[in-house]
Amino acid sequence: MMMDVLHMFYNFQGHVLHMFYNFKNDSKNNLNIKDMATFKTVALRQRADGFWNVSIRVTHNRKSRYLKTDKIVETKSVNKKNHEVKDPFVLEACTVKIAHFAEMLNKQPIRTWSVDDVVAYLESGTADVCFSDYARQYHDNLYNNGHERNARNYELAYRHLELYAGSNKVMCSQLTSKFINGWIKSLAKTARAKEMYPICIRQIFRQALLEFNDYDCGIIRITTNPWLKIKIPKADTPEKRAITMEECRAFFAAPLPPSDRILPLAELGHDVAMMVLCLAGMNTVDI
């Protein structure tokens, strides 16, 4: 008896939830049923193992389409006449999805949309994002804008992440704090990569959040942000290898090997090394 009551409640809730949101947000309270999209949790097809795949039926302008979910139910939880789902736990999960769909649609002028437009819009706001594909796009943008060296660092970072994941199609939903912490632990024996790689991945992820999530319209394709709980380790500080003044003088006074060239490489290298020493170890890139 209790299961039947819960079944009736969740079906009713899923059916009228979007009607309620539209009515609440309509400034003129001019509610027209045919202008609204309605939802119902149904089980359409039975699998070979006996379970049924659960979908959400979207009806708009008297036409229906179906959105797949990750839920399944047994035969006893399906109404064979209308294929409605009776499992209260599956209904509860789908009701949460329906509430999110209703919130998304209330921010758009869907009265002139077809049901295909509605479904396409809902799918674009819920489809998972492939982090690997976006990381490659991020790398290409850096490289094409003249940042070849930085682009190489980002490439090394996401390739190592893919190696750890065992796939070159890492999805954003896979990047949980547990997964990221495990990956960072695998970098523990490196000197610089344990700091540089996570920083690169974090920057790509932050940019993906800005690009794929539209908080004004309620489109949240990347639902988690693991970096709020992650502490990136510091790179190892290199050991200082300073030389004495006597060693510097000996280097300056060292004879150069003979050469038949007008501009001998040995002489050039000697002069550059002298400049580096005199400039307190400045990097040759900055000279």
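**Salt bridges in the predicted model**

Lys76 forms a salt bridge with Glu74, the closest N and O atoms of the pair lying 3.6 Å apart, where a salt bridge is a side-chain nitrogen of Lys or Arg within 4 Å of a carboxyl oxygen of Asp or Glu.

The structure is a predicted model, in which local features need pLDDT of at least 70 and side-chain atom pairs count only at pLDDT 80 or more, while totals for chains, interfaces and linings use all residues. Residues are numbered from 1 along each chain as its sequence is written, and side-chain values use heavy atoms, with hydrogens and water left out.

A search of the whole structure finds 10 salt bridges. Among them, Lys71 pairs with Asp70, with 3.9 Å between the closest N and O atoms; Lys71 is partly exposed at 28% relative accessible area, and Asp70 is exposed at 62%.

A further salt bridge joins Asp133 to Lys169, with the closest N and O atoms 2.8 Å apart. This pair links distant parts of the chain, 36 residues apart, since Asp133 belongs to helix α4 (residues 131–144) and Lys169 to the loop between α5 (148–165) and α6 (177–186); helices here are DSSP runs of H or I of at least four residues, numbered from the N terminus. Both partners count as partly exposed, Asp133 at 36% relative accessibility and Lys169 at 44%. Finally, Arg152, Glu155 and Arg159 are linked in a network of salt bridges.

How values were computed: Buried < 20%, exposed > 50% of the residue type's maximum accessible area, 1.4 Å probe, protein only. Helix = DSSP H or I, 4+ residues; strand = E, 2+ residues; numbered from the N terminus.
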